[in-house]
Amino acid sequence: MMRKTIAKRMTDSFRDVPHFPLTIEIEIDQLLKARAEINKRFAENGVKVSVNDMCIKAAALALKMVPEGNASYTPDGIAMPHHADIAVAVAIPHGLITPIIWAAETKGLAQISHEMADLADRARNKRLKPEEFQGGTFSISNMGMLGIKSFASIINEPHGMIMSIGAGEKRPVVKNDALAIATMMTVTVTCDHRVVDGALGAAFLKAFRGFLEDPMAMLL
């Protein structure tokens, strides 16, 4: 039944939603450094922040900076919620489910990490309440931990965008006209063109990249 429901939702979305992808490369060396420092400093408090947790926070803050992207298409107009409620794809037997970090822009990394770990655990054990995975304003799917470098997701209606996060890996880059090595991550957002056009999607990605490349900005 779960696979049947997923098949219908994805078919309807892919067929009926005019969608397009936008892809950027993000340098995450500073993000990894900040994550390591946070986990080292607060280990005694049980804090263990992941890259995904930091992406959730950055996406929420970027949506508040570009509120037109935190929107959904409806027959009566475009709905623009007050909070960035981030639905995160979690793989479970026979499918996936998207538990939600509600009002993610208001929460610190430690709280997001704790909530995400709890939601993912209960999702895999089929103990989520309907209100914990129904709704939301934006979706994230992270396959980096599976070694996937780059991919594009199908819109999770009624969300206006879904973000696909690939694996971080060391790559050759050009800095100051010289060849260097940096840890790069490929990120793609699939946009519902009825809600988010190319310029708006690009503005969101610019804000998101800003938070990841300068993680201290997430504290402001």
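The legends below describe close-up views of a predicted model.

**View 1. The largest nonpolar core.** In soluble globular proteins, nonpolar side chains tend to be buried together. The largest nonpolar core in this model holds 54 residues, and the members that touch the most others are Ile56, Ile86, Phe138, Met163, Phe204, Phe208 and Leu212. Helix H3, residues 51-65, supplies the largest share of this core, with 10 residues. When residues up to four places away in sequence are not counted, Leu212 touches Ile26, Glu27, Leu31, Met54, Cys55, Ala58, Met185 and Met218.

**View 2. Thr137 in its loop.** Thr137 lies in the loop that runs between helix H4 (109-124) and strand S8 (138-142). Its relative accessibility is 3%, and because buried means under 20%, Thr137 counts as buried. The side chain of Thr137 is joined to the side chain of Asn70 by a polar contact of 2.6 Å. With neighbours within four places in sequence left aside, Thr137 is in contact with Asn70 and also with Ala71, Pro81, His83, Ala84, Asp85, His159 and Gly160.

**View 3. Strand S10 and the strands paired with it.** Strand S10, residues 178-192, is mostly covered, since 11 of its 15 residues are buried. Strand S1 (residues 19-27) runs antiparallel to S10 and is joined to it by 9 bridges; in one of the pairs between a residue and S10, Ile26 has Met185 as its bridge partner. Strand S9 (residues 161-175) also pairs with S10 in the antiparallel sense, over 13 bridges, and here Ile162 stands opposite Thr190 of S10.

**View 4. The turn between S9 and S10.** Strands S9 and S10 form a hairpin in which 2 residues lie between the strands. Asn176, which is in the turn, has a positive phi of about 55 degrees.

Terms used: Residues numbered from 1 in each chain as written. Predicted model: local features only at pLDDT ≥ 70, side-chain atom pairs only at ≥ 80, totals over all residues. Heavy atoms only, no water. Core = buried A, V, L, I, M, F, W, Y, C linked by side-chain atoms within 4.5 Å. Buried < 20%, exposed > 50% of the residue type's maximum accessible area, 1.4 Å probe, protein only. Helix = DSSP H or I, 4+ residues; strand = E, 2+ residues; numbered from the N terminus. Contact = heavy atoms within 4.5 Å. Polar contact = N/O pair within 3.5 Å; in protein donor to acceptor, adjacent residues only side chain to side chain. Pairing = 2+ DSSP bridges.
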